[in-house]
There are 2 protein chains.
Amino acid sequence: MSMTRRTLMAGGVLAGPVLASAPGLAGGGAALAAPAAGLPGVYRYAVGEASVTALHEGGVMRPLDASFVRNAPLPEVQAALEQAFLPTKTFPTTFTPLLLTLGGKRVLVDAGFADQGPPGTGGALRGLALAGIDPGAVDAVVISHFHPDHILGLKRKDGTPTFPNAQVLVPEAEWRFWMDDGRMANPPDALKTNLGIVQKTFGGGLKVERYPWDKEVLPGLTALGTPGHTPGHTSFRLESGGRRLLIASDITNHPALFVRHPDWSAIFDMDADQARATRHRMLALMADGRAPVAFYHAPFPAAGHIARAGAGYEFVPLQWGVELA
Amino acid sequence: MSMTRRTLMAGGVLAGPVLASAPGLAGGGAALAAPAAGLPGVYRYAVGEASVTALHEGGVMRPLDASFVRNAPLPEVQAALEQAFLPTKTFPTTFTPLLLTLGGKRVLVDAGFADQGPPGTGGALRGLALAGIDPGAVDAVVISHFHPDHILGLKRKDGTPTFPNAQVLVPEAEWRFWMDDGRMANPPDALKTNLGIVQKTFGGGLKVERYPWDKEVLPGLTALGTPGHTPGHTSFRLESGGRRLLIASDITNHPALFVRHPDWSAIFDMDADQARATRHRMLALMADGRAPVAFYHAPFPAAGHIARAGAGYEFVPLQWGVELA
């Protein structure tokens with residue numbers, strides 16, 4: 001599913017005005033279009049007795065300007081992209097929900113967009129189909145935080161639940177922030193779009209349960225408070241058969257920028273200082289523990305390891321077909 | 001298609017004794033098995049008006065001993081693997097044939113194993129099927145060199161051509177070496193198995209044509225002499241619409257070892273000194289030209305870029321869904 005040059009040139013258009021100002025999707029972008037329409041991105045790896053199926057939801061290319069990294073000069077950001085052999089005028093954001101099989105349950109971590117996303121997204125449902133999993137067979141959807149690219153896929157455009165039999169498990173702290181009556185009634189401009197999406201998503205029709213931090217959300221899956229990106233932003237420790245995987249959600253956006261330069265802040269971090277402290281703490285843990293990690297916005301299949309590199313870190317992607325160390 | 005732990009522990013068994021001593025497969029190995037049986041690895045990217053579909057043929061894990069890298073101490077090799085977060089007691093070798101669409105033709109570059117390989121291989125044909133391409137629709141198969149993992153897939157176990165309508169284009173220099181009557185009649189022990197496979201493959205039933213170096217094999221695909229790995233080992237420059245891709249075949253085995261340490265020699269290089277000179281020359285070209293590159297034994301999808309790193313180089317994999325720079 002390469003982005004064609006034509007699509008790149010077209011630039012600047014997003015699916016709908018609703019998404020254009022939503023955190024997680026701020027700014028216009030072109031789709032990662034598919035000359036290989038129909039070729040899904042789906043990859044499965046083992047974590048002990050559990051399995052993780054990474055689902056390439058797709059992505060968007062956003063025109064890169066000085067607003068994206070709030071505290072670094074644009075030429076430095078472009079130099080980091082060039083070093084990673086990535087485009088320097090547009091910036092790729094991809095989305096990778098994970099389908100876990102865990103203790104006999106099918107558990108989706110974050111929901112993607114279903115049919116509510118910009119062009120070039122929606123691949124996760126195609127990937128599920130290829131993996132032979134019906135949306136009705138998903139037992140639970142665990143949500144890391146309430147940005148649109150993580151929750152919109154809980155429902156389809158027509159308002160029906162995408163995973164009709166699933167419990168939807170959400171962070172208590174995130175629910176408290178976004179579902180606050182006062183905030184809903186008088187939304188600050190910067191949150192208006194996102195609050196609308198939260199209300200539309202969680203206003204009814206889903207079997208929602210809230211979970212606290214530092215406890216198991218489900219047997220083998222522990223919620224870790226990693227706030228800053230949003231007030232209730234959550235990561236997860238998956239443990240099975242003596243193996244583990246740290247599912248680190250959005251503690252960094254693209255690794256080529258924010259793992260290499262953990263002090264840099266993406267526009268999407270709601271509390272930049274807190275997010276930076278969380279990112280430093282978690283990256284140090286990952287590097288020192290040599291723990292396998294997954295990030296929602298890392299290049300598909302969005303899992304690998306973190307190594308120290310100079311003043312920052314680097315993300316070392318897993319090798320396709322080889323068990324995670 | 002992760003390798004399961006059970007498979008790793010099983011170790012030491014290859015498909016058949018024939019393969020156990022063949023270059024490209026020397027030594028026993030366990031399969032990269034598939035807990036995700038049926039999930040194929042297939043990825044398509046554009047090069048100008050041409051497209052490249054990378055097909056994950058699968059791979060084998062071989063027990064790692066001092067014989068694999070001929071001129072480096074085993075602990076140094078293991079340190080390099082550990083740095084790449086790869087297993088240190090077994091070594092993954094994967095195979096990625098490429099299906100090009102080029103000037104209206106479907107051109108396969110290297111053939112994998114079809115049904116003649118060790119357990120854990122054969123994925124390329126499943127990938128082709130997922131991409132909607134019938135083997136009968138392949139117009140040409142271009143072979144880089146005559147090691148078994150590149151040519152066995154030209155035929156099925158029953159001797160019939162896997163791609164019944166394809167011209168099979170082979171390097172003139174490679175043909176001259178392996179099809180030499182004297183060598184066939186009195187094969188040196190080290191080449192016996194490989195020579196047998198060459199004879200079985202090219203002894204009849206295929207539409208073979210030989211191509212010279214430094215000329216187009218097909219419009220847009222130029223053969224580049226890169227000898228050493230084998231006497232006639234060939235790389236290719238794919239050019240279309242002002243873009244290019246260097247298809248570098250086996251000038252390196254796994255990048256974590258031989259791109260990081262280009263002086264190291266894998267057991268498979270028939271003329272280690274010539275292969276080393278070729279590797280240095282090509283890696284310098286790739287790094288200085290920032291050219292997109294593909295390698296048969298790089299981690300799937302087996303394409304990316306080469307950057308200088310200390311005394312060696314590093315392989316930077318492409319990002320899934322993002323056009324090659």
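**A helix and what covers it**

Guide: The buried residues of helix α10 of chain B are covered by elements of chain B that include β13 (234-240), β14 (243-247), α9 (255-258), β15 (293-294), β16 (303-309) and β17 (312-317). Helices (H or I, at least four residues) and strands (E, at least two) are DSSP runs, numbered from the N terminus. This is a predicted model, in which local features need pLDDT of at least 70, side-chain atom pairs count only at pLDDT 80 or more, and totals for chains, interfaces and linings use all residues. Residues are numbered from 1 along each chain as its sequence is written, while chains are lettered from A and ligands numbered from 1 in the order in which they are written.

Now the helix itself. With 18 residues (272-289) at 1.5 Å a residue, α10(B) should span 26 Å, and the 25 Å between its end C-alpha atoms agrees with that. The expected span is 1.5 Å times one less than the number of residues.

The buried residues of α10(B) are B:A275, B:T278, B:R279, B:M282, B:L283 and B:M286. Viewed down the axis of α10(B), the buried residues fall within an arc of 125°, so they line one face of the helix; the arc is that of the directions from the helix axis to the C-beta atoms. B:D273 and B:D288, on the other side of α10(B), are exposed. A residue is buried if 20 or more other C-beta atoms lie within 10 Å of its own, exposed if 12 or fewer, and partly exposed in between, with C-beta atoms placed from the backbone.

After α10(B) comes B:R290, which has a positive phi near 50°.

Terms used: Contact = placed C-beta atoms within 7 Å.
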